[in-house]
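I opened the notebook to look up a few features of one structure and write down what I found. The entries are grouped by topic.

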Amino acid sequence: MTGSADNIVVFEGVQKSYDGETLVVKDLNLDVDRGEFLTMLGPSGSGKTTVLMMLAGFEVPTHGQILLNGTPINNTPPHKRGIGMVFQNYALFPHMTVGENLAFPLEVRKMGKAEIEDRVNKALDMVRLGGFANRRPAQLSGGQQQRVAVARALVFEPELVLMDEPLGALDKNLREEMQYEIKHIHENLGVSMVYVTHDQSEALTMSNRVAVFEDGVIQQLAPPDVLYEQPDNAFVAGFIGENNKLYGKIVSEDDVNCKVELEGGGGTVAAMKVNASGVGTRTTLSMRPERVTINPEGNASENTCSAKVEELIYLGDHIRTRVSVSGNSDFIVKIPNSHGHVILQEGTEVTIGWQTDDCRALDAPNV
Amino acid sequence: MAIATDSSQPLTTADGTPLRQSLRRAERLNKLRAFGLVAPLFLFILVFFVFPIAKLASVSVDNSIVPEILTNTVEAIQDWDGTDLPPEPVWKAMAADLVEGKKNRNIAKVGKRLNFEKPGFRRLLIKSARKADKLEAPYKESLIKANKKWADPEFWRVLQRESGDYTFSYILRAVDMTYSEEGSVTMVDDKNAVYLDIFGRTLFISAQVTLTCLLLGFPIAYLLSTLPAKTGNMLMIFVLLPFWISLLVRTTAWIVLLQDQGVINSALIGIGVINEPLELIRNRVGVVVAMTHILLPFMILPLYSVMKGINPSLMRAAKSMGANPAIAFWRVYTPLTVPGIGAGGLLVFIISIGYYITPALVGGPKDIMASQLIDIQMNQQLNWNMASAIGVVLLAITLVLFAIYNRLVGIDRMKMG
């Protein structure tokens, strides 16, 4: 595949190895659309930061090619790529004031004094830090430092901004606030952003598309809703959001669905065939906790299974119910705290039910 | 504040004891314990550092030998107005002191002291003391008859000036100043001026050594701080290796390397680069090379510890903003190493100022440094007062430089590691 004019960045068969023995990134092919907010999500060691560093120019691809605006940039040093970058620990220059930090990229571009001042002030206003120009980074709070780092990466108006887990050091509330702020800046400026994080809620909140990394390979590249509702494989289903897993063997299949006999004696259920096929194949059934109902009335659910209530956790808006189903005692069901919801006791036997569309048959680990 | 406290009433604890007193009592034990731990060090510093420096300072101004031996004269001469020659009682007192000095065999000592102020004083006193028994009233005529120099009022004026328990002559001499005949402070004439030149040279050599250490040490410290821990620690051992070898051995090793028939000259002549051996020793080159080698670790270690603390993503950030590596290094990295440059520079400079063995062994006569002057005064001239005075001036120069450094860079910005 080759990038079209709409792709600001194209990775073509990129591989990276640090030691010559193992590949950290295995055959990466990825297009970033102009104006897109693309997030690379994955556990630590999955290769996502390495991809970002190759794009920024701090690491050299072992094989393959990276194109920026259609031009190969493998041999372009970082300072000639014109890519803005926000680092994990902000990387503000401690010996310069906020204003000097922001002026730095403009000064190395030899802009006039008046223009620099104008742009610095505009950038500071954009992150709501007007009047902080004379402070030192050490005098700012974590959130303010973060905003300065974002402003500094944007002040020279790059087409592409990279962010390497920029919110990792902030507390939860501030992190959520900053997520919206960065999202709005992206929408207002229309720059392309490539964002790296291991926090899935961050990825779902901000992105147009999310690339889920594991073991140096993109497991799935999709918009957040698709990623959550239609995971391609067991890793993505388990990594994004909460997920219930049941293992079984395919006993019969048609074009769309299959029948699976559960391990642990839970009976046979129907599931959507996604990433498993062939009678006799072992499969992982994946279901979201909110798509499972307790004691469904009549034929409301296409599949039912008996379960035993193990634990009830009251969480205000919903009651988190842990049940054991077919030998799996970690099966979670969310009961919304709505008017007239079912009242359960720990230790009672119940029936759980779900629609075939909500149960996806995915790849299973080898036993 | 919602609760209004009466400021005239001090806060108390529940049982009514004042809060301050109660707090002091509660923390007393901890303070005592802390003091107990630092007490050995405190005593050590007091006995081996503060006391010697105080002693040094007092020896440099000590003049007690004059009032001790010439007791009567010193007392009598106070009333003299300094014009012409002193009145008869002073001559009488001097005659008595000479008799006493001859008996106690200590007239030569005070003679040596006063000779420092006015050459010829020692001979005058010793010769006169020999004839002390024959002196009789009127003593003025009798003394002048014994030695004509007594008629020179200059000797009396010097004696009157130096009759106190303290003198500033040594310290003045250590900065090339002296008393004129009228008793005011002036610079000594050029042919006798040595000390300021040597202090200036000491500072200049120290600055040269500091600069060389910085130029050589900076890349090494940078390399050490960027290498992976295993290789870095290995190289660090090489940096520290010289500390395991005696200073004397390291300095003599440089003699072996640098002398005319030494390793370097032989090698250069052998490969035909030069025909005559280069003069590498007994001159400034030898001093700077050997001192740099010995002091280099003192520059590398503070620099290394500062560089280790610099976040590597700062350089990446600078590059991502469009700065080429040279600009990123100069505008981002270098300013952050200033605390290390300051600490290392100050350390090397101050150690250099007091250096002795190395310049003595590899330096020539034009490379004598302040410490060698002290040595000459102590071991050759046997003038401990003068040696102390040079020491005091050296200490003062060091403190002034330290204060200037503090003003320019700030001692709180220094980082030793």
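The entries below cover conventions, a helix, the domains, a loop residue, aromatic rings and a strand.

**Conventions.** I am working with a predicted model, in which local features need pLDDT of at least 70 and side-chain atom pairs count only at pLDDT 80 or more, while totals for chains, interfaces and linings use all residues. Residues are numbered from 1 along each chain as its sequence is written, chains are lettered from A and ligands numbered from 1 in the order in which they are written, and side-chain values use heavy atoms, with hydrogens and water left out.

**Helix α15 of chain B.** I took helices (H or I, at least four residues) and strands (E, at least two) as DSSP runs, numbered from the N terminus. I used buried for under 20% relative accessible area, exposed for over 50% and partly exposed for in between, with a 1.4 Å probe and protein chains only. The buried residues are B:S313, B:L314, B:M315, B:A317, B:A318 and B:S320. I then looked up what they pack against: β6 (84-86), α2 (98-107) and α4 (142-154) of chain A, together with α16 (325-353) of chain B. After α15(B) comes B:G322, with a positive phi near 105 degrees.

**Domains of chain B.** The bounds come from an automatic or database domain assignment. Domain 1 covers 65-165 and domain 2 covers 195-413. Taken over C-alpha atoms, the centres of these two domains of chain B are 52 Å apart.

**B:D367.** I found B:D367 in the loop between α17 (357-362) and α18 (370-380) of chain B. Its relative accessibility is 3%, so B:D367 counts as buried. With contact meaning heavy atoms within 4.5 Å, and leaving aside neighbours within four places in sequence, B:D367 touches B:R201, B:I205, B:R282, B:N283, B:R284, B:V287, B:P359 and B:Q372.

**Aromatic rings.** I paired rings of Phe, Tyr and Trp (its six-membered ring) if their centres lie within 6.5 Å; planes under 30 degrees apart count as stacked, over 60 as edge-to-face and the rest as tilted. The search of the whole structure gave 15 aromatic pairs over all chains. For A:F58 and A:F87 the ring centres are 6.4 Å apart and the planes are at 45 degrees, so I logged the pair as tilted. A:F58 is in the loop between α1 (48-56) and β4 (63-68) of chain A and A:F87 in the loop between β6 and α2 of chain A, so the pair ties together parts 29 residues apart in sequence. Both A:F58 and A:F87 are buried. B:F44 and B:F48 also form a tilted pair, at 5.0 Å centre to centre and 40 degrees between the planes. They lie 4 residues apart in helix α1 (residues 19-61) of chain B, about one turn of the helix. B:F44 is partly exposed at 49% relative accessible area, and B:F48 is exposed at 56%.

**Strand β9 of chain A.** I counted two strands as paired if DSSP finds at least two bridges between them. β9(A) pairs with β3(A) (residues 37-41) in the parallel sense over 4 bridges, and A:T39 stands opposite A:V210. With β10(A) (residues 217-222) the pairing is antiparallel over 5 bridges. β9(A) and β10(A) form a hairpin with 2 residues between them, and A:D215 in the turn has a positive phi of about 60 degrees.
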